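Please keep the sequence and the structure in view while reading.

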Amino acid sequence: MSVSSEQKVEQAPEGHAPHAAPAARGGGTSWWKDEAQEPLRRNLGLVGVLLALFAIGAFIRPDLYSNADWVINNIMVILTQAAAIGVVTVGMTFVIIGGGIDLSVGALIALSGVWATTLATQSFGAAGMIFTAIAVGIGAGLVNGALVAYGRLVPFIATLAMLVAARGLAAQISGKQTQISNDMFINSIAKERILGIPLLAIILLVVAGLGWVLLNRTTFGRRTVAIGGNAEAARLAGINVRGHTMLLYALSGLCCGIAAIMLTSLATSSQAAAAELYELDAIAAAIIGGTLLSGGRGTIVGSLFGVIVFSAITNLFAIANLPTEVQNMVKGAIIVVAVLLQQVRFSSVTQFARRHGLTRAKPQT
Amino acid sequence: MNEQPAGAAAANTGEVVLRLSDVVKTFPGVRALDGVELEVRAGEVHCLLGQNGAGKSTLIKVLAGVHRPDSGDVQWLGEQVAFSGPQAAMKAGIATIYQELDLVDYLTVAENVYLGHEPRSLGFVHKGQAARQARELLGRLGHGEIPPHRLVKSLPAAGKQIVSMARALSHSAKLIIMDEPSAVLAHDEVGNLFRIIRELTAQGIAVVYISHRLEEIREIGDRVTVLKDGRTSAVNLPARTTPTRDLVSRMTGRSIEYVFPPRPDTEPGEKLLEVRGLGRSGEFAGVDLDVHSGEIVGIAGLVGSGRSELLETVFGARQAEAGTVVMDGRGLPPGNVAAAVRAGLGMAPEERKSQALLLGQPIYRNMTLTNFSTYATAGFTDTGKEQAEAMRVADQLELRPRDVRRAVRTLSGGNQQKVVVGRWLLGGTRLLLLDEPTRGVDVGARAELYQVIRDLAANGVGVLLVSSEVPEVLGLSDRVLVMREGRVVRTAPATELSEEDVLDLVMAGSLTAATTEEVAA
């Protein structure tokens with residue numbers, strides 16, 4: 001990434017070169033300064049935001065929040081509403097950590113959903129519909145991946161083109177009509193609860209759990225972080241960067257296919273205009289969850305919290321009977337604040353530490 | 001001010017333009033400058049010497065107005081000053097040419113020269129005037145041939161440096177600070193740089209010159225100030241006559257410069273690598289070379305001689321257009337890094353930070369970047385085992401710090417290079433390609449790296465290394481290949497070649513060789 005030197009010169013007087021930041025030190029420092037603990041701090045912050053939203057809700061509608069059954073049910077509503085977008089965000093987090101971006105997720109959900117609900121597909125039953133949605137998602141994701149990895153297109157452009165084209169194809173297939181799902185199994189997914197927890201929320205938690213394991217415990221995850229952190233270094237270490245990039249977009253497509261089934265079940269129908277602007281919500285959720293837009297860093301748990309925070313805000317505005325316009329403004333503000341916090345962290349923490357004599361000798365220069 | 005430099009009488013005739021006394025600058029957890037003295041006279045080339053981390057960069061930034069000192073005096077043209085920022089220092093006549101040149105790639109030469117102070121009226125930029133003036137400044141620097149309307153992006157590194165200097169002149173700078181200007185230049189271009197510096201000083205401009213290369217300081221410098229651990233350990237030494245031993249000992253507290261480990265008496269083992277007729281159009285052609293087990297083969301050549309490109313092609317990072325690369329008797333597919341790695345090749349590339357390291361990641365993850373999947377079970381990584389293995393190699397390489405969970409960003413250049421070498425050790429590499437292994441590595445850590453490389457060879461690893469520094473190629477290698485303009489012009493045991501021989505070979509036939517020798521004479 002080329003940073004113009006003008007910027008460098010402007011930044012430097014405030015503090016110091018980034019590599020000199022004590023916050024970048026490894027073990028032996030307290031958790032609130034240690035760079036490695038940054039995700040934990042952020043997640044605690046997001047939990048704090050959720051608690052704050054809860055408190056605001058309780059303040060506005062004490063009548064509702066005094067009822068424990070209602071509160072538990074409301075939490076389930078929040079999780080259900082977060083489910084489809086959350087699944088997409090898990091895929092998006094992988095793509096962004098791997099140094100890319102996927103603008104086509106909303107369009108791919110629409111395409112997968114429409115393809116899975118054509119009369120021809122529905123004749124194969126629920127399994128056929130699920131298979132179709134997932135296959136279409138993966139297939140379109142592979143096209144994205146091929147354009148980025150082998151066509152050398154910038155991810156923004158490649159997936160923007162896919163966004164436009166997939167919406168077009170979805171409109172073509174559906175004839176711009178809303179396609180009703182007649183499959184009882186598919187339609188029941190959104191209504192099903194297991195041990196009182198909505199099945200959609202369980203699907204989200206399972207996908208997020210698998211995503212967490214994939215990112216943190218497998219060679220696939222290690223490759224993702226390496227490629228996003230420094231693609232050239234990964235290539236010269238013998239990692240198949242192009243092949244892996246393909247897989248990342250396919251993974252995002254897979255998540256879109258799953259989300260398409262979830263949304264189809266919720267609406268008992270599909271249409272070409274479904275999941276409008278999901279790409280922006282997913283990117284925003286990943287970013288407030290601490291995923292670096294330049295790649296190489298991010299967490300699944302953070303993204304999950306990001307999605308739930310957004311969902312909780314929507315829920316709160318509905319409860320308080322406030323207009324969605326204000327809600328969108330608040331969401332915009334939250335994105336800005338989250339990113340500002342990320343930037344301010346280093347200088348403010350180190351200045352605070354210096355003032356209070358909390359830093360020790362620099363270990364290695 | 002205390003000693004009269006014998007070989008630099010001219011320098012002392014100039015008046016003092018800059019005087020620093022007892023300058024202190026601290027950052028959280030480190031005293032970067034801890035009482036620095038500096039005196040620069042008009043028309044002199046004042047050299048700053050010091051190891052990495054000695055405080056040179058911080059000192060430059062204090063002079064450039066980027067950092068404000070915590071305490072101490074900065075006197076500029078006889079007045080005490082405290083620059084509010086880089087613009088203020090620039091206005092006062094102090095220009096800084098950083099190592100990473102601060103030019104805007106997609107602006108023209110003229111636009112870069114006058115960036116921020118374009119000749120204008122009523123808010124409109126006089127493009128023609130800017131171009132004319134820029135041409136004039138470039139002419140003053142002896143480079144009137146650089147067209148002012150060219151995009152800076154299309155210029156070579158040396159050309160960009162000239163543009164930076166033209167920018168300094170456009171601000172009527174009285175002091176130009178150059179941070180390792182020769183690092184990006186080939187040998188013949190350094191001669192040209194020196195000619196420009198001499199012309200600048202003849203006009204009364206003072207130059208503060210930072211370099212790791214002692215021979216350059218001898219050639220261009222008038223006086224030397226040595227920094228060590230944020231303090232000045234010597235001020236105003238005569239650049240030409242101070243013995244190397246003294247300079248090095250003041251930088252390091254040691255009195256050695258390069259120490260190369262002794263060559264073993266044993267004969268090299270079986271042939272590992274066989275390259276025949278390798279070529280890429282416009283880069284190099286018809287290269288034959290062999291590397292045996294336990295042997296260190298060095299490639300000497302100028303930047304642009306095709307040496308780095310050759311190394312990358314052997315490794316598969318560039319696709320060969322002609323010829324074959326054979327490892328252990330088996331041909332490697334061209335342009336396939338993964339296959340080369342599987343066959344036992346490893347490379348430490350020239351740009352460590354951008355080509356080799358994940359700076360924000362822990363040491364152990366950087367070390368296991370090539371082979372983390374070999375510790376994995378069914379795709380699940382085993383970080384415990386990775387850390388243990390990384391720790392073992394860290395001990396072997398005497399990596400500091402030992403804590404392999406620390407981010408690589410916090411390590412010094414020498415230790416970062418050890419991480420890259422350690423990566424290939426862990427990967428079981430039997431043929432290591434090293435491109436500029438000691439670039440940005442300070443003198444003390446160099447000796448350690450040399451020992452590491454020699455130890456690798458003693459354990460049967462074959463090493464193919466490229467370096468801009470001829471003494472390094474000669475001192476470290478068993479056999480030396482000299483490259484010129486994409487061809488191997490000489491292959492000989494290192495002991496049969498002298499530094500002068502190699503320099504003759506790499507420069508013979510190049511158009512600028514004559515001027516370089518003139519300057520050196």
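What is the order of the strands in the open sheet of chain B? The order is E18-E19-E20-E15-E21-E22, an open sheet of 6 strands with mixed pairing. Strands here are DSSP runs of E with at least two residues, helices are runs of H or I with at least four, and both are numbered from the N terminus. Two strands pair if DSSP finds at least two bridges between them.

The model is predicted: local features need pLDDT of at least 70 and side-chain atom pairs count only at pLDDT 80 or more, whereas totals for chains, interfaces and linings use all residues. Residues are numbered from 1 along each chain as its sequence is written, while chains are lettered from A and ligands numbered from 1 in the order in which they are written.

The edges of the sheet in chain B are formed by strand E18 (345-348) and strand E22 (487-493), each of which pairs on one side only. On average, neighbouring strands are turned by 20 degrees against each other, direction ignored; axes are lines fitted to C-alpha atoms, for helices over the stretch in contact, and angles run from 0 to 180 degrees between N-to-C directions. Within the sheet, strand E15 (residues 296-300) and strand E20 (residues 462-467) of chain B pair in the parallel sense over 5 bridges. There, B:Ile299 stands opposite B:Val466 in E20(B). Helix H10 (residues 307-315) of chain B packs on this sheet and touches E15, E18, strand E19 (431-435), E20 and strand E21 (479-484). The direction of H10 makes about 150 degrees with that of E19(B). Two residues are in contact if their C-beta atoms, placed from the backbone, lie within 7 Å.

Chain A has 16 helices and 4 strands. Of its 365 residues, 47% count as buried, that is, with 20 or more other C-beta atoms within 10 Å of their own, C-beta atoms being placed from the backbone.

One of the helices of chain A, H8 (residues 155-174), has 20 residues. The buried residues of H8(A) include A:Pro155, A:Met162, A:Leu163, A:Arg167 and A:Ser174. Just after H8(A), A:Gly175 takes a positive phi of about 60 degrees.

Technical notes: Expected span 1.5 Å × (residues − 1). Buried ≥ 20, exposed ≤ 12 C-beta atoms within 10 Å, placed from the backbone.
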